[in-house]
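Here are a few notes to read with the model open beside you. They go from single residues to the whole chain and back again.

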Amino acid sequence: STLPLNLFRSALTPALLSPAPLSKLAISRVYFSPAAENFLNDLLSTMRLTPEWLEGRMMTARGGRELERLIKVWCIISKGSHLNLLGQEGEAGEEEDEVGVKDILSVLISGVEHRLRAVKEGHDVATIVRRIVKEV
């Protein structure tokens, strides 16, 4: 299931507006599992190869990197990770710093919907992205 956009924004806003923003170190410690990395790469490639359905800024390499960062930030916030907002050391051996396919799916539509536009009349971005996810 995906996170509704308003809940997604309300969950991220306090962390992004806090006096101690997410450090680059904390974000750099979060990594994609091999399955999640392959899934995201396949997903972005498929989205780029369907210009008859979607167009927008998410189709760029920069858009893909921004999505990766958003997913990592969501993992830190949603998992209450030991990778805290200040980037301090956490306990070794924990797997909270690994992004999985479920993490990608949790934020995908909310994270890309505002950046893409459905090309065909009568179709919305969320429906098209769900269809692409099923293909991947």
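**Notes on the predicted model**

1. Let's start with Arg62, which is exposed at a relative accessible area of 56%; exposed means over 50%, buried under 20%, and partly exposed in between, using a 1.4 Å probe and protein chains only. One salt bridge is what a search of the whole structure finds. Arg62 and Glu66 sit four residues apart in helix H4 (residues 61-78), about one turn of the helix. An α-helix has 3.6 residues a turn, so residues three or four places apart point the same way.

2. A word on the ground rules. This is a predicted model, in which local features need pLDDT of at least 70 and side-chain atom pairs count only at pLDDT 80 or more, while totals for chains, interfaces and linings use all residues. Residues are numbered from 1 along each chain as its sequence is written, and side-chain values use heavy atoms, with hydrogens and water left out.

3. Now the overall layout. The chain contains six helices and four strands, in the order α-α-β-α-β-α-β-α-β-α along the sequence. Helices (H or I, at least four residues) and strands (E, at least two) are DSSP runs numbered from the N terminus. Of the 136 residues in the chain, 43% are buried. Among contacts between residues at least 6 apart in sequence, 77% join residues at least 24 apart; contact means heavy atoms within 4.5 Å.

4. Which residues touch the most other members of the largest nonpolar core? They are Leu40, Leu54, Leu67, Ile71, Val99, Ile104 and Val129, out of 32 residues in that core. Helices H2 (24-28), H3 (34-48), H4, H5 (101-112) and H6 (125-135), together with strand E4 (116-118), each supply at least two residues of this core, and H4 gives the most, with seven. A nonpolar core here is a set of buried Ala, Val, Leu, Ile, Met, Phe, Trp, Tyr and Cys residues joined through side-chain atoms within 4.5 Å. For one of its members, Ile104, the contacts beyond four places in sequence are Phe32, Ala36, Phe39, Leu40, Ile71 and Val99.

5. Next, the loop between strand E1 (31-32) and H3, where Ser33 is found. Is Ser33 buried or exposed? Ser33 counts as buried, at 9% relative accessibility. Beyond four places in sequence, Ser33 touches Glu98, Val99 and Gly100. The C-alpha atoms of Ser33 and Val101 are 8.2 Å apart, although 68 residues separate them along the chain.

6. Ile132 belongs to helix H6 and is buried, with 3% relative accessibility. Not counting residues up to four places away, Ile132 touches Leu43, Thr46, Met47, Thr50 and Leu54. Ile132 and Asp42 are 90 residues apart in sequence, with 9.9 Å from C-alpha to C-alpha.

7. Last, please look at His123, in the loop between E4 and H6. His123 is partly exposed, at a relative accessible area of 32%. Leaving aside neighbours within four places, His123 is in contact with Trp53, Ala118 and Ile128. Trp53 is 70 residues from His123 in sequence, and their C-alpha atoms are 8.6 Å apart.

Terms used: A salt bridge is a side-chain nitrogen of Lys or Arg within 4 Å of a carboxyl oxygen of Asp or Glu.
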